[in-house]
Amino acid sequence: MRTTVGIIGAGPAGLLLARLLHNAGIDSVVLESRDRAYVERRQRAGILEQGTVDVLRAAGAGERMDREGLRHDGIELRFARRRHRVDFPALTGGRSVMVYAQTEVCKDLIALQLKSGGPLLFETEALAVEDAETDRPRIRFRHGGADGTEGAEGAGGAEDVLECDYVVGCDGFWGVARAAVPDGRTFERTYPFGWLGILADVAPSHDELVYARHDRGFALLSMRSPSVSRLYLQVPADTDADSWSDEQIWDELERRFETDDDWTLRRGPITQKSVTPMRSYVHEPMRHGRLFLAGDAAHIVPPTGAKGLNLAVGDVVTLAQALAHRTATGSDDLLDAYSETCLRRVWQAERFSYDMTTLLHGAPGATPFEDRLQLARLDRITSSRAAETDLAEAYTGFPIG
Ligand SMILES: Cc1cc2nc3c(=O)[nH]c(=O)nc-3n(C[C@H](O)[C@H](O)[C@H](O)COP(=O)(O)OP(=O)(O)OC[C@H]3O[C@@H](n4cnc5c(N)ncnc54)[C@H](O)[C@@H]3O)c2cc1C
C-alpha cells in the first residue's frame, strides 16, 4: 500500500486532517485501531472554540453542527455562593463558543470521509513508524480482517506496510507515533485529583456552563443537548466511579453548586459514569523528519479549559496548510516551522488550562492562605474588566497559525 500522507488515528485530529487534505487534493489513508461504533460513542470533549467552528464550516463539516449545536455567549463562575456571568461577545468583540459533542464531530467527519471514498480503515492498528528520517517513511500495521475494510471481522491479524511521503501521528496520548521521535523532550504535570463525570437524561439546570469553586472541591455543569446534561465533580485521582451511588453524586453536586438565590439543580437518570485523570503534558518537538505529531499524541491539557480538541484542530489546520504549500511550491518552509508554530499556541493553552485548574480546584493539603489567594483571584476576575477579558479571550480561543 502506498499514499502521500499516512494518518494514524481516527479521532478528531486524524479525521479532520484527512478532510482538509482531501479538500486540498492530497491523498491520505487513515488507520484506526478501534471499530467505528467505538470511535463514534467515546464521550469526551464538548466545547468548540470560535476558530474550530469556523474551520469545520470551511471544511464542509459544519452543516449538522450549525443545526444542532448550541451557541454559548458566556459561562458562569460560581464561588462563595455568588454567581458571576462572563459575557464573551461583550469582552472579545463578538466571539462565542459552540457546545457540540466530540462524538458528533467525529460522526460528521467519518460520514464525509467515507462518502468521498477516502480510505479509512477501522480495526487496523499501527504497530510502528519506520524510516521517518528518510523520504519514504512507513507505517507497519496489523488489520483485523482479510482486507482491513470497515467492519471486517475475525482475528486475521495480518501485518502489512503503508508506504508514505509523510506520516502523521494523530493516535492520542497512548499511541505509537510519539515513540518514533527520538531525542524529544517532555514536560509533564499530573494533578492529585480527577473528574468524576456523568451523563444524565435531564435538561441542563442552566443554559450556560457553570464552573463552581467550593470548599468541598470543584464542580462543572455542562450539557450535550437540550435534554442531556454532563456534570463533573472533583474527586481524588484514584477514585472508582462505581464507589459513588447516583444519589451521592446528585447530593454532592447540589452542595457544590449552592447559591444564595433560588437556583436549583435538576436530577435525572444517570446513563454513564467515569473518572478522568488530570494531566498536563507536552512533547517537543512535534516533528521528526517526515513524521509529524498532532493533537493528544503531542500534548495533553486538563479539561478545565476545554482546550484538548481545539488544540488538535489547530495542529492539523497548520499541518494541512504546510503540506498544501509544499505541494504547490515545493518549499518545505511551513513544514519546517510546523512544530514551533503549534507549540506557541499549545503553551498558551497549557497556561490557561493550568490557571483554570488551580483557580477552581481544591488542592489536597492547601493552606488557608492558599484558599484565600484562590478567592482573591476569582474576585479579581469578577471585578476587573481587564482580568475578565483575559479569561474570555483565552476561553473563546487563541488564533491558529
Ligand atoms: C474523558 C475525557 C474528557 C475530555 N473532555 C474534554 C473537554 O471537555 N474539552 C476538550 O477540549 N477536550 C476534552 N478532552 C480532550 C479531547 O477529547 C482530546 O484532546 C481529543 O480527543 C484529541 O483528539 P486526537 O484526535 O488528538 O486524539 P484521540 O481523540 O485520542 O484519538 C486518537 C485515535 O487514535 C487511535 N489510535 C491509538 N493508537 C492507535 C494505533 N496504534 N493505531 C491506530 N489507531 C490508534 C485511537 O483509537 C483514537 O481513535 C477530554 C478527554 C478525555 C479522555
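1. Let's start with Arg138: in this predicted model, Arg138 is partly exposed, with a relative accessible area of 23%. Its salt-bridge partner is Glu130, with the closest N and O atoms 3.4 Å apart. Glu130 counts as partly exposed too, at 22% relative accessibility.

2. Which parts does the pair Glu49 and Arg345 tie together? Glu49 sits in strand E3 (residues 47-49) and Arg345 in helix H9 (residues 333-360), so this pair links parts that are 296 residues apart in sequence. The closest N and O atoms of this salt bridge are 3.4 Å apart. Glu49 is buried, at a relative accessible area of 2%, and Arg345 is buried as well, at 7%. Both values fall under the 20% cut-off for buried.

3. Arg85 and Glu208 form a salt bridge whose closest N and O atoms are 2.7 Å apart. Arg85 belongs to strand E6 (residues 82-87), while Glu208 is in the loop between strand E12 (185-200) and strand E13 (209-213), so the pair ties together parts that are 123 residues apart in sequence. Buried or exposed? Glu208 is buried, with a relative accessible area of 10%, whereas Arg85 is partly exposed at 40%.

4. On to the ligand. It is surrounded by 30 residues, and the closest are Glu32, Arg42, Gln102, Ala126 and Asp296. By class, this shell has 11 nonpolar, 11 polar and 8 charged residues.

5. Where does the shell come from? Helix H1 (12-23), strand E9 (124-130) and helix H8 (308-329) each contribute at least two residues to it. The largest share, 3 residues, is from E9. Glu130, the partner of Arg138 in a salt bridge, falls within the residue range of that strand, 124-130.

6. Glu32 has a polar side-chain atom 2.7 Å from an oxygen atom of the ligand. For Asp296, an N or O atom in the side chain is 2.7 Å from a ligand oxygen atom. Ser33 uses its backbone instead: an N or O atom there lies 3.1 Å from a nitrogen atom of the ligand. How much of the ligand does the protein bury? Taken alone, the ligand exposes 1,000 Å², and the protein buries 87% of that.

Technical notes. Residues numbered from 1 in each chain as written. Predicted model: local features only at pLDDT ≥ 70, side-chain atom pairs only at ≥ 80, totals over all residues. Heavy atoms only, no water. Salt bridge = Lys/Arg side-chain N within 4 Å of Asp/Glu carboxyl O. Helix = DSSP H or I, 4+ residues; strand = E, 2+ residues; numbered from the N terminus. Buried < 20%, exposed > 50% of the residue type's maximum accessible area, 1.4 Å probe, protein only. Near = heavy atom within 4 Å. Polar contact = N/O pair within 3.5 Å; in protein donor to acceptor, adjacent residues only side chain to side chain. Areas by Shrake-Rupley, 256 points an atom, 1.4 Å probe, with all protein chains shown as cover. Nonpolar A, V, L, I, M, F, W, Y, C, P; charged D, E, K, R; others polar.
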